[in-house]
Amino acid sequence: MNWKQRTIGLALVLIVILSGCSGNTNAPPETNEAVQPSETPQSSNEAVQEPTLPEEYTIQILTTQKPNVRFFDETEVGKVIKEKFNINFEFVPFTGDYREKLSLMLAAGDYPEILRVEGNDLVQQYIQAGVAIPLDDFLPDAAEFTKRYDHHIPYWIITDDKKLYKWEVNVPYGLARLAPLNDIAIRTDLLEQQGWPQLLSTDSYLEFLKEAKRLNPDSIGMVSNFGESWGMAGVAGIMYEKGGRYVAWANDAWVFNSITEQYEDFLENDYVRESYQFLNAMYNAGLLDEESFTDKTPQMRDKLSSGQALSMFYNRNAINAPNRDLIAAGKENMQYIIMPIRTNTQVARNEPRLLGVYDSDPFGSVIMTKNAKDPKRIFEFIDWVSSEEGQLLIQSGIEGVHYTVGADGKRVPTQAFIDDVQNPNESKTGIGLTAYFLPSSFAEDPNGQQYNLAFEPDVRGQLVYTDRQREAYEKLGWDNPFSGFRENVKLQSSGLVNSVTIDPSSSLGILQSRVVELRVRNSPKLIMAPNFDQAWDEVIAEHRKLEPQKIINELNTLYQMKKANP
Amino acid sequence: MAQTGVSGKTVFTKMYRQRMLFMMLLPSVILITTFQYLPLAGWMMAFKNYRVGHSLWNAEWVGWEQFRIFFVQSQDYAYLLRNTLVMNVGSLMLLLVSSLVFAILLNEVRVRWFAKTVQTVTFFPFFISWVIIYSLASSLFAVNSGIVNQMLVNVGVLDHGLNVLGDAKYSWTLMILMLDWKALGYNSIIFIAAIAAIPPDLYEAAEIDGAGRFGKIWNITLPYLMPTFIVILILNSGWIFSSDFEQFFLFTNSTNWEKMEVLDMYIYKYGLKLLNFSYATAVGILKTVISITLILSINQLAKKFTEKSIL
């Protein structure tokens with residue numbers, strides 16, 4: 001073999017080896033470094049009090065939302081923040097199972113500087129792994145943050161070391177944010193066909209939808225998105241939250257009785273049973289779309305957009321886009337509205353419905369990870385965001401551009417704001433874009449207005465609801481699209497409920513995941529069973545074999561301990 | 001110059017003389033060692049109470065606890081092994097037989113351009129990803145909106161669409177047939193190549209002896225294909241407990257999991273979704289050990305009954 005052949009052979013071998021050993025290109029690029037330290041500062045009209053800004057700091061945000069921009073400074077609000085702090089956010093969209101992504105990131109040790117972690121169980125995993133950094137050292141210099149969240153911070157402390165590792169994005173809550181509720185969506189033409197009936201109990205809906213199906217035989221009945229990763233766990237038994245005793249604080253193995261202040265087993269709950277019973281009745285009557293078990297939200301939306309579905313179970317926001325599609329297709333009268341629903345027992349008891357006001361909403365937990373290059377600077381920014389100025393900017397926009405202030409001190413939205421609300425897909429204002437990861441109060445400001453004007457009842461009623469929807473609610477006897485959800489209700493604070501957690505790695509934590517797994521697996525069987533009572537008894541028997549009461553006892557013990565030692 | 005005898009050559013001399021061949025082999029050896037053998041050190045997780053983000057070395061030793069949980073506490077092994085074996089054995093058998101028959105039939109087609117066209121067309125599904133296949137299956141077989149169901153209901157064959165994608169009773173058939181459709185063209189190539197290697201004078205001799213087409217197939221083609229069939233069977237038997245993850249990830253849902261969930265999905269669920277790495281590793285080890293035992297056993301059986309084996 002001559003030297004040429006040897007050289008070629010060697011080169012081939014080296015190429016293969018080098019290509020096999022190439023680094024992982026899947027990880028998001030670490031773009032947090034100050035890339036251009038010599039870049040001319042943006043603000044040529046400098047703020048007098050800050051003659052020089054620190055280096056540009058771009059933070060990657062993994063998001064399940066679909067922002068129209070890649071960088072926050074492409075929006076009007078983002079530009080203001082960039083000018084003020086030289087901080088920017090790069091949005092990295094993610095589709096898929098986000099909880100799974102969080103688990104994978106933790107396992108791979110690959111996470112951004114700020115990370116939204118949905119659920120205290122995962123937050124604990126991140127804390128135990130030493131990934132989430134404690135925020136206590138920053139609190140003495142964070143007057144705005146501690147003032148705004150003074151009431152909530154104790155609920156955010158979930159570990160035995162009593163340190164704060166997270167903030168939560170959408171607390172506190174105001175009543176305006178609580179309606180409409182995740183109840184049931186009904187096609188308005190069906191209501192019109194049957195003379196605008198007053199519906200509330202599951203039986204009344206069942207009879208109504210039977211008649212609707214008879215009058216509209218080509219429809220596919222009620223749809224839902226059980227195919228989502230949270231679908232079966234979170235939606236199938238959800239009717240328990242529509243009564244006067246429970247709020248849906250979590251999708252775990254328990255429900256919390258706000259009257260007795262006790263955790264109770266999820267599957268042993270009567271309202272949960274009624275929930276499954278309702279879905280079972282719907283299925284056996286041919287009123288529940290069989291594809292619901294595998295449909296995710298996009299498939300469900302398609303069916304709503306085509307007007308095929310008579311109704312939709314849960315998920316109040318899923319009707320907005322379909323309603324727009326129906327208008328575009330010339331089917332205005334087939335738009336959907338959300339209506340309240342309760343089980344028969346709940347209607348009979350007629351207890352005021354509990355509306356949960358989160359002192360702690362673990363679903364919106366955000367942590368700073370050990371990959372944060374300048375945690376102090378990040379938290380200074382978080383502190384500013386928590387101020388009145390910050391909240392108004394990120395939630396209402398720029399004064400004079402997106403809103404004006406009247407003589408009474410109340411904000412009035414401008415046309416720019418209205419256009420932004422009505423055309424979310426083209427939005428470049430950046431208003432509300434950061435509510436996913438920055439502290440964003442859902443309560444009222446000192447003037448009694450929502451920080452985000454889009455949620456002011458009179459604004460929302462005019463901007464978000466269509467003429468047909470307003471007409472439907474009026475025909476049902478409502479004063480406005482929210483009034484029906486505010487009758488016979490009572491606000492219920494979450495208190496310590498979401499702060500009590502079981503270590504997910506412990507034997508009880510593993511047992512809890514098994515209990516939930518058993519429920520999720522058997523939910524379709526319960527919904528589709530020809531004989532519901534028999535199927536329910538079988539599942540309960542299997543459930544009791546796991547001894548779930550151990551979990552409940554532990555939770556109640558921890559709750560009492562926390563209550564005694566806040 | 002006296003020739004060096006075979007007995008005089010050392011192993012190293014042989015290796016040196018064949019160094020180019022070894023160098024060609026080297027990248028594969030490095031890749032397989034790096035990505036298949038080195039990770040076996042992670043099997044330690046199965047014997048420790050490993051928690052994500054913490055040091056594996058410092059984790060508590062728990063011995064066979066995870067294996068005990070799998071077999072004694074959870075009882076999941078029963079339906080998992082059943083589903084995995086039924087679908088994988090069914091797929092393997094159907095695929096081998098159908099590929100063999102397809103190759104033979106294709107060989108019998110006299111119009112060569114037609115045979116080539118059919119072979120090419122049947123090869124295409126192999127390159128289609130399971131994501132596309134799932135979308136197609138959903139469009140075709142969805143209960144209410146699927147084209148096939150709609151057609152069958154409209155012509156009166158069915159009163160109501162068949163829930164092929166959701167109903168557990170169709171799961172095994174669906175998966176076996178889908179895999180067969182996807183891999184038929186690819187697997188038949190191996191048999192087509194084997195048929196091409198059969199000496200043509202055998203067929204001529206058979207024709208002289210009065211053998212018809214079927215006789216030639218039965219007496220010449222099939223016996224010549226048997227060694228290939230056995231080799232492929234043995235090689236694939238080691239994969240009996242491994243499923244195409246993408247396929248099952250897409251098709252498994254809350255309504256058909258009882259018949260559809262296989263070992264790989266179970267390992268994924270407990271390992272990556274529930275972060276119970278120790279448990280998932282233990283199940284993975286069991287799968288590997290059983291697969292190795294199986295391939296060795298089948299190899300021995302094949303050697304004993306057919307005098308053909310690969311090990």
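**View 1. The lining of the second largest pocket in this predicted model divides into 20 nonpolar, nine polar and two charged residues.** The space that lies in the second largest pocket comes to about 1200 Å³. Of the 31 residues that line this pocket, B:Gln36, B:Leu40, B:Trp43, B:Lys287 and B:Thr288 are the closest to its centre. Helix H2 (19-37), helix H13 (263-273) and helix H14 (277-306) of chain B each contribute at least two residues to the lining, and H14(B) gives the most, with 10 residues.

**View 2. A nonpolar surface patch of about 590 Å² is found on chain B, made by B:Val11, B:Phe12, B:Met15, B:Phe22, B:Leu25 and B:Val29.** Helix H1 (11-17) and H2 of chain B each supply at least two residues of this patch. One of the patch residues, B:Val29, lies in helix H2 of chain B, and it counts as partly exposed because its relative accessibility is 41%.

**View 3. A salt bridge joins A:Glu90 and A:Arg70, with their closest N and O atoms 2.5 Å apart.** This pair links distant parts of the chain, since A:Glu90 belongs to strand S2 (residues 87-93) of chain A, whereas A:Arg70 sits in the loop between strand S1 (57-63) and helix H2 (76-85) of chain A, 20 residues apart. A:Glu90 is buried, with a relative accessible area of 3%, while A:Arg70, with a relative accessible area of 47%, is partly exposed. Side chains of opposite charge can pair when their charged atoms come close.

**View 4. A:Asp73 and A:Lys82 form a salt bridge in which the closest N and O atoms are 3.0 Å apart.** A:Asp73 is partly exposed, with a relative accessible area of 21%, whereas A:Lys82 counts as buried because its relative accessibility is 5%, the limit for buried being under 20%.

**View 5. A:Glu471 and A:Arg468 form a salt bridge, the closest N and O atoms being 3.3 Å apart.** Because A:Glu471 and A:Arg468 are three residues apart in helix H18 (residues 467-475) of chain A, about one helical turn separates them. A:Glu471 is partly exposed, with a relative accessible area of 29%, and A:Arg468, at 9% relative accessibility, counts as buried.

**View 6. A:Asp183, A:Glu241, A:Lys242 and A:Arg353 are joined into one network by salt bridges that share partners.** Over all chains, a search of the whole structure finds 41 salt bridges.

How values were computed
Residues are numbered from 1 along each chain as its sequence is written. Chains are lettered from A and ligands numbered from 1 in the order in which they are written. This is a predicted model: local features need pLDDT of at least 70, side-chain atom pairs count only at pLDDT 80 or more; totals for chains, interfaces and linings use all residues. Side-chain values use heavy atoms; hydrogens and water are left out. On a 1 Å grid over the protein atoms alone, a cavity is a set of points where a 1.4 Å probe fits but cannot get out, and a pocket is an open set with protein on both sides within 12 Å along at least five of seven lines; lining residues have an atom within 4 Å of a point. Grid points are joined across faces, edges and corners, and a volume is the space filled by probe spheres set on the points. Helices (H or I, at least four residues) and strands (E, at least two) are DSSP runs, numbered from the N terminus. Ala, Val, Leu, Ile, Met, Phe, Trp, Tyr, Cys and Pro count as nonpolar, Asp, Glu, Lys and Arg as charged, and the others, Gly among them, as polar. Patches are made of residues with over 30% relative accessible area and no salt bridge: like charges are joined within 9 Å, nonpolar side chains (Val, Leu, Ile, Met, Phe, Trp, Tyr) within 5 Å. Accessible areas come from the Shrake-Rupley method with a 1.4 Å probe; for residues, only the protein chains shown count as cover. A salt bridge is a side-chain nitrogen of Lys or Arg within 4 Å of a carboxyl oxygen of Asp or Glu. Buried means under 20% relative accessible area, exposed over 50%, partly exposed in between (1.4 Å probe, protein chains only).
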